[in-house]
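Let's take a friendly walk through a protein model together. Keep the sequence and the picture open beside you as you read.

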Amino acid sequence: MRSLLKCDLVSIDDLTLPEIERIFVLADDFAVALERGEKLKAADGLIMATLFYEPSTRTRLSFESAMHRLGGSVISSADMHASSAAKGESLADTVRVVGSYADLIVVRHPRDGAARVAAEYAPCPVFNAGDGSREHPSQTLCDLYILRKRKGQLKGLTVAICGDLKFGRTVHSLIYALARFGANIVTVPQAGMEVPDYVLERIAIERNYRFSTVSMGELSSLAGDGRLDALYLTPKAPHQMALFTSDLPLSDLPSGKAPATLDAFYVTRLQRERLPDRNTSPESYVHFDARALKGSRSQGAVVMHPLPRTDELAYELDNDPRAAYFEQAAAGVPVRMALIGWLLEQAARGEQRHPLAPAAPRFRPQPALRCANSNCVTRHESAYLAPRFTLARSSGRSRLMLRCDFCERELSAEFVGHVRTRRFYRFDEHLRGYVRQWIDEKSLAVFESVKQAEENGYEPYRRGPQREIMNATEIARALDELAAQVVTDLPDAGNLVIAGIISHGALIALRLRELIEARTAVRPPCLTLDVYNTADPVRLIDGGDEIDVTGRTVILVDDVMHTGWTVQRAMAILWQRGRPAAVKLAVLIDRGHRAIPIRPNYVGKNIPTAQSERVQVRLDPDPGDSQHKSADRVVIYSILESIKEPAAAP
Ligand code: NCD
């Protein structure tokens, strides 16, 4: 049996843009081969298993057709409800077993995050053919493929996405992808079915996109001549929102400004099966007909739909050359052939792909937290699947924000604790660094209330007195010495890149750059690295295009060197962007004990500390602007309380 590499497609974001482009090239080739009636053998000997726990016509049949067309074969359970799932077999057991019968599994499942579970437990690659309301990446490949064919490119297009944007999983994958390709998105949601926050957050935070909201009146003008009423945007739909996305910073786009033209309408059906009460109908739902294409701004728009349609898309459009939905469905075969072909190419190359970005540390807080989403796979496969989370951004919030690692929904906690010290704290931003450390130590506890913390045997935290170990003058001197060392060691300042680890490392990096510039009259580019932002961890501080670090000397800057873990992650991020000639590590304070053997090249001050001590660097974020005496200082304090060992180690 030939073995494929374990390249799972759970989210459209699992593919890089060049990989998507490659899949399109393969799809073009396969479309031609199909046209010519060629007999292909690329997947000869491969077996694909289709596990569909939900109804499907296009996705399943086109995947199966694709595998047959490539000379492979398909095994399937005609109805998962007639399989062992009906006897209560877990998803994990099913994919584990089926993975030993097949080389590739395509799975569709009603639970949010189920594809991630399948991918984690299956020994072979898993393609997500739709998991609950979360994502449907292979449909997005078909959508993008046809949209680009019709419009020549994706960048800069304006796509209006209409209908049930809350439960429509095709829409979510499409939004992620269009945002990455630099298209503009205008959402036209059914009232109450807006794009969920977790989708907005992903593109807002990870891709730094800003959204603009337009009113009903403004929306109507999008199509030109007030024709958008053809979408039945009745006044009963009070909350209409648009979001404009672009590769470029969007600060130039005035809020609510309508795009010049609409290039595509992507219409979706009401996902009735996901409504709490399937029998209730909204008072009005988008009904898209030929009138919507009459406006001056929408005449050149193509009409797309993932199908199946219900009442939202008029049959009168079917013969209109702008209707693209049957092409989308037909593209299912060559595009899914291309996806399999891409997997074969990975296997032929023989090396595992680099992960797109290092995964954010995942953790299982104690006591076990339940995901707030009742359709999350963790709520339905709980016998073996413990809820797992990553940290979400919570700046400015007084609660710790967590994100379910399976369904992505956020939840928050007001109190955090440490499982060994059995202390708890009301969360605020200052604790964030500790929380990260406790995650690394697998010691994070989270609580909703004081009562819950106390019931779990936790006591409130008290800390020892603080002692200042560096004042503003000493910090300034230390930074000056760091800059001097860098300039002496690395006289070619033109080849330097300075990379600061967010947040304090970035502040120090900026100051170091000033000092290096003062000495060399060269202003090296300065990056920030956010080791907790998985999708977009690198930013160029001066704006502008991403910088290639290949062949350059990178000065990696952080405030306190403790275990070395953060530095290691930052290095991994850097090395994914290119191959620097050298990476030199500069830290303000080296605490002198670390779990990972990393030695800084430039150290502002060595401060040997005990594990029970904490070193905190406080820096004025804008010293140049401040009229006051600089507030910079470094403090150290101990955790005074005796550490009670927990009864059972985590
Ligand atoms: C979509 C799905 O299943 O999410 N269908 C498809 O795969 N083409 C869209 C839908 O069912 O509305």
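Let's begin with two neighbours: strand β17 (residues 496–501) and strand β20 (residues 553–561) pair in the parallel sense, joined by five bridges. To find one of these bridges yourself, look for Leu496, whose bridge partner in β20 is Thr553. Please remember as you look that this is a predicted model.

Now zoom out. β17 and β20 belong to an open sheet of six strands, in the order β19-β18-β17-β20-β21-β22, with mixed pairing. At the edges stand β19 (538–540) and β22 (602–606); each has a single partner strand, so one side of each is left without a neighbour in the sheet. From one strand to the next, the twist averages 25 degrees.

## Helices on the sheet

Helix α14 (residues 472–489) packs on this sheet, where it touches β17, β20, β21 (582–590) and β22. The direction of α14 makes about 155 degrees with that of β22.

Which strands does helix α16 (residues 565–577) lie across? They are β17, β18 (526–529), β19, β20 and β21, and α16 runs at about 160 degrees to β20.

## Other strand pairs

β14 runs antiparallel to strand β12 (residues 415–418), and four bridges join the two. In this pair, Gly417 is the residue opposite Ala445.

Five of its six residues are buried, so β23 is largely enclosed by the rest of the structure. Its antiparallel partner is strand β24 (residues 633–638), joined to β23 by six bridges. Here Gln616 stands opposite Val635.

## Salt bridges

How many salt bridges does the structure hold? There are 34. One of them joins Glu64 to Arg60, with the closest N and O atoms 3.3 Å apart. Because these residues are four apart in helix α2 (residues 58–69), about one helical turn separates them. Are Glu64 and Arg60 buried or exposed? Both are buried.

Another salt bridge joins Asp480 and Arg519, whose closest N and O atoms are 3.5 Å apart. This pair links distant parts of the chain: Asp480 sits in helix α14 and Arg519 in helix α15 (residues 504–520), 39 residues apart. Asp480 is partly exposed at 31% relative accessible area, and Arg519 is partly exposed at 42%. Glu517 also forms a salt bridge, with Arg523, where the closest N and O atoms are 2.8 Å apart. Glu517 counts as partly exposed at 26% relative accessibility, as does Arg523 at 42%. Elsewhere, a network of salt bridges links Asp13, Asp131, Arg134, Glu135, Arg180, Arg202 and Glu408.

## Around the ligand

Next, find the ligand. The residues around it are Arg58, Thr59, Arg108, His136, Gln139, Arg169, Thr170, Arg269, Gln271, Pro306, Leu307 and Pro308. An N or O atom in the side chain of His136 lies 2.7 Å from an oxygen atom of the ligand. Arg269 also has a polar side-chain atom 2.7 Å from an oxygen atom of the ligand.

Pro367 lies in the loop between α10 (332–349) and α11 (377–380).

Finally, look at two residues with a positive phi. Lys442 is not a glycine, yet its phi is about 55 degrees. Lys442 lies in the loop between α12 (432–440) and β14, and it is exposed, with a relative accessible area of 64%. Ala521, another residue other than glycine, has phi near 65 degrees. The loop between α15 and β18 holds Ala521, which counts as exposed at 72% relative accessibility.

Definitions and conventions:
Residues numbered from 1 in each chain as written. Predicted model: local features only at pLDDT ≥ 70, side-chain atom pairs only at ≥ 80, totals over all residues. Heavy atoms only, no water. Pairing = 2+ DSSP bridges. Axes fitted to C-alpha atoms, helices over the stretch in contact; angles between N-to-C directions. Contact = heavy atoms within 4.5 Å. Buried < 20%, exposed > 50% of the residue type's maximum accessible area, 1.4 Å probe, protein only. Salt bridge = Lys/Arg side-chain N within 4 Å of Asp/Glu carboxyl O. Near = heavy atom within 4 Å. Polar contact = N/O pair within 3.5 Å; in protein donor to acceptor, adjacent residues only side chain to side chain.
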